[in-house]
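Reader: I'm new to this one and would like to learn how to read it. Could you walk me through it, one feature at a time?

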Amino acid sequence: MKSPRSRLSVSRAPRDNAPRTAAKPAAPRHASPRKPELAPEERKLLLLNKPYMVLCQFTDEAGRETLKDYIKEPGIYAAGRLDRDSEGLLLLTNDGKLQARLTQPGEKTPKTYWVQVEGIPSEEKLAALRAGVELNDGMTLPAGARIMDEPAVWPRNPPIRERKEIPTRWLEIKIIEGRNRQVRRMTAHIGHPTLRLIRYAIGDWTLDGLAPGESRALPAPELAPSSNSRPRPSSSRSGAHTAKPAGEAPRRPSQPRRDERPRTTHPTERSTSNPTSGKPRSSGRGTARRPARAGNPNSSDKES
């Protein structure tokens, strides 16, 4: 007769003396070092008159012209973009806060464009641009739009496509948005395609005195301090905020605050001596709670 074999239970808990494998500690997460904030004298701001057919980037695998062909300043990048087939003002900076202030939609930095369009827009069509037009990505915000005299600008190479039977006009358009090819889509919406587009101004910075491909360095403006860096008011300051009105009684320094006063026990939990008989009062639960008299100054239940 075969002896019964012992069965191995896989659900049995391990013995206390069995060797246990130590759990490997989790690898520490190394946070990326935060870039130090630039000192005011280290901030850089460049104005560039971007030529026609130049990419708003510093590298291009196809070998096309980029900002690298015109900007030799290290550690600087474009604040915003300008289409390759557009010309005009481009801001470059090494200050991330300034770049965000110029490009974020909430800042609403105005941008002025000189736009040569095909045909002569009527006043009704210009009024439509001022009120906002419906594009495929939604309504545009109200814009400035007017017919202007032909500006004294450099000739474009290659020149624009002109047709003798169709005249052209120059418009000055001001927007506070920055959608993709927005100005071109706005003029096409009213039936006047854009032939040439030059960005003349961004805020208070303009193209004046800059030839195509030229740049000029300016001192970067001081940025307003962030809200979380405002100094806290000091108690040592003197002024109207620390002076007390006349007639107000000064607070006694020895008077404790309400939350600092010693906690009194419940009347049913106290055992006090009876001054007449010397016997302790009963502290049982059956003792009725006696309300404190309003005129007793020694009562601990009185509000202070």
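Author: Let's start with contacts, meaning heavy atoms within 4.5 Å. Among the contacts in the chain with a separation of 6 or more, 69% are between residues 24 or more positions apart. Keep in mind that this is a predicted model, where local features need pLDDT of at least 70, side-chain atom pairs count only at pLDDT 80 or more, and totals for chains, interfaces and linings use all residues. Residues are numbered from 1 along each chain as its sequence is written, and side-chain values use heavy atoms, with hydrogens and water left out.

Reader: How many helices and strands does the chain have?

Author: Helices (H or I, at least four residues) and strands (E, at least two) are DSSP runs, numbered from the N terminus. Here you get 3 helices and 11 strands. Read from the N terminus, the order is β-β-β-α-β-α-β-β-β-β-α-β-β-β.

Reader: What share of the residues counts as buried?

Author: Buried means under 20% relative accessible area, exposed means over 50%, and partly exposed is in between (1.4 Å probe, protein chains only). In this chain of 304 residues, 28% are buried.

Reader: Let's zoom in on a helix. Which residues of H3 are buried, and what do they pack against?

Author: First, the general idea: an α-helix has 3.6 residues a turn, so residues three or four places apart point the same way. In H3, which spans residues 182-189, the buried ones are Gln182, Val183, Arg184, Met186 and Thr187. Their packing partners are strands E4 (111-118), E5 (134-135), E8 (168-175) and E9 (194-202), plus helix H2 (123-131). After H3 comes Gly191, with a positive phi near 90 degrees.

Reader: Which residues other than glycine have a positive phi?

Author: Met53 is one of them, with phi near 65 degrees; Met53 sits in the loop between E1 and strand E2 (77-78). Arg181 is another, near 50 degrees, in the loop between E8 and H3. Both are partly exposed: Met53 has a relative accessible area of 27%, and Arg181 is at 33%.

Reader: What about aromatic rings: how many pairs does a search of the whole structure find?

Author: Rings of Phe, Tyr and Trp (its six-membered ring) pair if their centres lie within 6.5 Å; planes under 30 degrees apart are stacked, over 60 edge-to-face, and the rest tilted. The search turns up 1 aromatic pair. Trp114 and Tyr200 are stacked, 4.3 Å centre to centre with 10 degrees between the planes. Trp114 belongs to E4 and Tyr200 to E9, so the pair ties together parts 86 residues apart in sequence. Trp114 is buried at 15% relative accessibility, and Tyr200 is buried at 18%.

Reader: And Lys50: buried or exposed?

Author: For charges, Lys and Arg count as positive, Asp and Glu as negative, while His and the chain ends are not counted. A salt bridge is a side-chain nitrogen of Lys or Arg within 4 Å of a carboxyl oxygen of Asp or Glu. Lys50, in strand E1 (residues 45-50), is buried but has no salt bridge, and the nearest side chain of opposite charge, Asp85, is 7.1 Å away. The side chain of Lys50 does reach the backbone oxygen of Ser86, at 2.9 Å.

Reader: Where is there a cis peptide bond?

Author: Look between Asn157 and Pro158, where omega is about 0 degrees. Pro158 is in the loop between strand E7 (144-148) and E8.

How values were computed: A polar contact is a pair of N or O atoms within 3.5 Å; within protein, one must be able to donate a hydrogen and the other to accept it, and residues adjacent in sequence count only if both atoms are side-chain atoms.
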